[in-house]
Amino acid sequence: MDKVIMHIDVNSAYLSWEAAYRLQHGASVDLRKIPSVIGGDEESRHGIVLAKSIPAKKYGIQTGETLFSARQKCPGLVVVPVNYHLYMMCHNALISLLKDFSPLVQVYSIDEAFLDYTGMKVVCGDPVEAAHRLKDRIRNELGFTVNVGVSYNKLLAKMVGELKKPDKVHTILSREEMIRKLWPLPVRELFMVGRATAPKLYRLNIFTIGDLARADPELLRFHLKSWGPYIRDLANGIENSPVAPDAMPPIKGIGNSTTIPFDVDNPEEAKKVLLSLCEMVGMRLRQAGFCARLVSVYLRRADLTGQSHQRKFPAATDHTMKIYQWACQLMEEIWPSVPLRGMGVRVSELVPNHCLQLSFFEPYNEKKRRLDEALDSLRMRFGPKSVMRSCFLQSGLAPVTGGVIENFQMMSSIL
DNA sequence: TCTGGGGTCCTAGGACCC
DNA sequence: TCTGGGGTCCTAGGACCC
């Protein structure tokens with residue numbers, strides 16, 4: 001039996017959710033109908049466009065550009081701050097509605113999901129009709145619109161669903177339909193062809209998805225290594241991974257990074273930033289129930305170039321101060337001659353903390369563990385600023401840094 | 001025009017072992 | 001003491017996604 005897969009994608013998710021929320025709370029304007037964006041805080045140099053309305057798009061405003069630049073394109077632009085708590089509630093409402101149509105729902109990101117409709121035809125009827133019902137129910141009951149792609153695998157469902165927005169159902173039910181709908185598109189729009197791969201393909205005279213699909217695999221392998229034949233398969237619609245419901249992928253690492261509100265030109269100041277990042281990384285690590293062996297530090301210089309440094313440590317840990325100590329050491333080893341704009345800390349090579357191998361040299365320290373646990377529970381109950389280390393007083397820095405949507409983990413690959 | 005923050009996977013080169 | 005080859009581990013960087 002042929003598979004039937006749906007991909008559901010919320011149109012301009014953050015912006016639609018904010019708009020729907022405001023309308024439900026008595027607002028008279030719909031943000032989706034005026035030039036508007038969701039943006040970060042410019043004061044602390046986080047001012048980029050995270051989502052845009054369709055009217056804003058008509059001014060040439062793009063996701064990821066600075067709010068400064070967006071305002072130059074459209075002086076009357078309405079800028080709304082992010083509200084992750086709201087997005088999480090909308091996400092949950094969406095997923096719960098999807099489960100009315102099939103028990104096999106795979107969350108792909110905060111605003112995308114796959115649904116396996118294969119076994120549901122006898123129960124819920126024709127797939128394309130069901131996709132329309134699904135889309136309309138979301139619009140009518142939840143107040144925002146989605147695009148639905150219907151096809152026989154995840155890749156094609158996702159690709160076709162993005163064709164025309166908003167509030168549309170698109171289908172690819174045969175190879176002929178794939179050739180007609182996807183092959184004329186610019187190759188850059190193929191999943192997994194990004195900023196770096198596209199120019200390499202242009203040099204090989206490959207400009208559309210169809211060009212790539214028909215290109216010589218050996219030529220591609222010569223210029224792009226194993227990546228070449230891989231994306232050629234994608235261009236041919238070859239993909240057969242299952243919709244994996246609730247299968248949260250195993251966590252590989254935990255990291256937080258930040259752009260500092262001001263450039264930092266001395267290691268002592270930079271260490272405070274590292275500490276605030278380590279506080280969050282450590283807390284998340286303990287909540288997830290892991291210790292880590294590998295610590296890496298990323299420095300972003302004022303000129304926007306980056307550098308990373310990592311080391312494997314002899315014993316795994318989940319102590320904030322131990323991670324911090326290692327991170328400081330790594331940072332000092334690559335301290336650059338130009339000021340820093342941003343920093344990141346990441347831990348990986350995780351081991352479950354209940355089967356931890358105790359090191360002779362790093363004895364298990366019950367006191368430190370209790371301190372971490374006490375701080376975690378206070379911060380989770382009363383907020384990250386409820387307890388802070390004194391070095392952050394008057395520092396202009398947050399005592400804990402890292403924006404994590406509570407309990408939300410993304411699936412990073414469809415395949 | 002001065003660009004966030006969260007991820008995963010792959011690759012190349014060097015170190016080191018036998 | 002100028003030299004082989006294979007395997008694995010470690011590290012930095014780059015690619016992609018949302």
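## Surface near DNA strand B

In this predicted model, the surface near DNA strand B comprises 8 nonpolar, 17 polar and 3 charged residues. In total, 28 residues surround DNA strand B, and the closest of them are Thr 66, Lys 252, Gly 255, Ser 257 and Thr 259.

Strand E9 makes the greatest contribution to this surface, with 7 residues. Helix H3 (67-73) and E9 each provide at least two residues of the surface near DNA strand B.

## Surface near DNA strand C

DNA strand C is surrounded by 17 residues, of which the closest are Gly 194, Ala 196, Thr 197, Gln 310 and Lys 312. Sorted by class, the surface near DNA strand C contains 4 nonpolar, 8 polar and 5 charged residues. Strand E11 supplies the largest share of this surface, namely 6 residues.

## Domain assignment

Chain A is divided by the domain assignment into domain 1 (1-173), domain 2 (183-235) and domain 3 (253-414). Between the C-alpha centres of domain 1 and domain 3 the distance is 33 Å.

## The sheet containing E9 and E11

An open sheet is formed by 4 strands in the order E9-E12-E10-E11, with antiparallel pairing. Strand E9 (253-264) and strand E11 (306-317) are its edge strands, each pairing on one side only. From one strand to the next, the twist averages 15°.

The antiparallel pairing of E9 with strand E12 (residues 340-352) extends over 8 bridges. Within this pairing, Thr 258 has Met 343 of E12 as its bridge partner.

## Helices across the sheet

Two helices lie across strands of this sheet. Helix H13 (residues 267-288) lies across E9, strand E10 (290-301) and E12, and runs at about 155° to E9. Helix H14 (residues 320-333) lies across E10, E11 and E12, and runs at about 35° to E10.

Is His 309 buried, exposed or partly exposed? His 309 is partly exposed because 16 other C-beta atoms lie within 10 Å, whereas a buried residue would need 20 or more and an exposed one 12 or fewer.

Leaving aside residues up to four places away in sequence, His 309 touches Ser 296, Val 297, Leu 330, Glu 333 and Ile 334. His 309 and Val 345 are separated by 36 residues in sequence, and their C-alpha atoms are 10.0 Å apart in space.

Strand E2 (residues 36-39) is covered on both faces. Ser 36 and Ile 38 are buried on one side, and Val 37 and Gly 39 are buried on the other.

E2 runs parallel to strand E4 (residues 78-81), to which 4 bridges join it. With strand E3 (residues 49-52), E2 pairs in the antiparallel sense over 3 bridges. Val 37 takes part in both pairings: its bridge partner in E4 is Val 79, and in E3 Val 37 stands opposite Lys 52.

Conventions: Residues are numbered from 1 along each chain as its sequence is written. Chains are lettered from A and ligands numbered from 1 in the order in which they are written. This is a predicted model: local features need pLDDT of at least 70, side-chain atom pairs count only at pLDDT 80 or more; totals for chains, interfaces and linings use all residues. Two strands pair if DSSP finds at least two bridges between them. Axes are lines fitted to C-alpha atoms, for helices over the stretch in contact, and angles run from 0 to 180 degrees between N-to-C directions. Two residues are in contact if their C-beta atoms, placed from the backbone, lie within 7 Å. Domain bounds come from an automatic or database domain assignment. A residue is near a molecule or strand if its C-beta atom, placed from the backbone, lies within 6 Å of it. Ala, Val, Leu, Ile, Met, Phe, Trp, Tyr, Cys and Pro count as nonpolar, Asp, Glu, Lys and Arg as charged, and the others, Gly among them, as polar.
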